[in-house]
Structures are given as structure tokens and as C-alpha cells.
Amino acid sequence: MRAGRTKPAAILMGLAALCALTAGCGIRDTSVPVDAGAAPSRVPCNLPADGDTAQAPQGIPVRVYLVCGSRLVPVDRTVQIAEGRTLSDGVRVAEKLLDELREKPTVTEKEAGFSTDVQDSLSVSEGRRSDPAGALRLSRDPADLPANALAQIVCTYAESAAAETDGSVVLGGPDGDPPRAYSCTQQLKTRPDADPELGDLRR
């Protein structure tokens, strides 16, 4: 009889000891690595107020449009110009802004989900003599550019000195076709993969 009683008692004592080791039958801290998934990332399309200004050189502030979350989002940058020069000239502005659009996003921008579809090889120059004043010529026909890239260029230029007085941007390609006016609408900002609103051909 005693042997039969001893076995249940031993089991109960063992359970009590196990509960004590597991902090009241809970789960004790363990040093074994546990994969709980990736840590929360930076809020998409939301940059800190100071951005990378701690590392960025001082310059003239500009605003460019990058792709983030399938839409266009403005990002503040700074550009460097030669001493004694300004960004009042439309062509000069267009060149500097295109340089910024071609640049890969900074670490901070990339972590927030920003990207650019503007190709490194793309360049811009002033219009031809037969073009209207303020026209710009890209090294590729605007219609042949990726939709996001064209939307980035149009919206970036539309809010700069490169734009016409009505806010449109007059762009042409390297061939002899007349340039066309493009507008940066709210729809284009939310759907940059769509074709930008076309204005009239400018001659």
C-alpha cells in the first residue's frame, strides 16, 4: 500500500518543483533567440523633420518629387551652385532638379520607402530657337520615359522656376517634334503610373 501511495506523491512533488522553475507555471525568460519577426520600420513616406541635414552640406533648398507607396511625395533637398550664381534661370534650375531626381535616395529616404525611376542617363537642355520661350528638351522623348519618371519630372519642374506662369511644364525630346505642355495634377501625384495631363503642342 505504501509503495502505491508514494508514486502519486512523487508526481505531485515533481509538478510543484516544475511550477516553481517556470515562475508559477508561466514561461520563464530564455536566452535562446526567438524570431518574433522584423522590428517596426520607419513610417512609410514620412521623413524626420531634419532628414539627413546633419550630414548634408549647406546649399540652396529645393523640392523634388520621389515615388513612395505608388504615389508621388515631395522631398526637400539642398543643391550646390557656383559662388555668385543663383537658381533664377529656368534651364539651370531644370538641370539641378534633374540631378537630384537621378540621385539614389538617401539612407533615411530609402528606409522610409522612397525611390526614383528617373534614369541616370537622362539629361535636359534649353529648347531650340524654334521652340517657345521656357521650353526644355530632354535627351529622351517624354512619351518614351517610364510613367513614374515622367510624373516625377513634371511635378518637380511644375513647382520651380522651370515652370511656365500657368504652372505647366513645356517639354520636348531630342527630335524635331514640337514640345508639349504637361500639368502636374493631384491625380498625377496619386497615380503617377497614369499618363500626365497633356496640354497643347507649343510652337
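## Basis

The model is predicted: local features need pLDDT of at least 70, side-chain atom pairs count only at pLDDT 80 or more, and totals for chains, interfaces and linings use all residues. Residues are numbered from 1 along each chain as its sequence is written, and side-chain values use heavy atoms, with hydrogens and water left out.

Helices (H or I, at least four residues) and strands (E, at least two) are DSSP runs, numbered from the N terminus.

## Positive phi values

Most residues other than glycine have a negative phi. Cys45 has a phi near 60 degrees, a positive value in a residue other than glycine. Cys45 sits in the loop between α1 (2-21) and β1 (60-68). With a relative accessible area of 16%, Cys45 is buried (buried is under 20%, exposed over 50%, partly exposed in between, with a 1.4 Å probe and protein chains only).

Ser70 also has a positive phi, near 65 degrees. Its place is the loop between β1 and β2 (71-79). Ser70 is exposed, at a relative accessible area of 57%.

## Nonpolar core

A nonpolar core is a set of buried Ala, Val, Leu, Ile, Met, Phe, Trp, Tyr and Cys residues joined through side-chain atoms within 4.5 Å. The largest one holds 37 residues, of which Phe114, Ile153, Tyr157 and Leu171 touch the most other members. Two or more residues each come from β1, β2, α2 (90-102), β5 (136-138), α4 (147-158) and β6 (169-172). The largest share, 8 residues, is from α4.

Contact means heavy atoms within 4.5 Å. Not counting residues up to four places away in sequence, Phe114 touches Cys45, Asn46, Leu47, Leu66, Val67, Cys68, Val73, Val75, Pro105 and Glu109.

## Helix α4

Of the 12 residues of α4, 11 are buried. Among them are Ile153 and Tyr157, both named above for their core contacts. The buried set also includes Asn148, Gln152 and Thr156.

The expected span of a helix is 1.5 Å times one less than its number of residues. For α4 this gives 16 Å, and the end C-alpha atoms are 16 Å apart, which agrees.

## Gln119

Gln119 lies in the loop between β3 (114-115) and β4 (124-126), and is partly exposed, with a relative accessible area of 32%. Gln119 touches Arg102 and Arg140, not counting residues up to four places away in sequence. Gln119 and Arg102 are 17 residues apart in sequence, and their C-alpha atoms are 5.9 Å apart in space.
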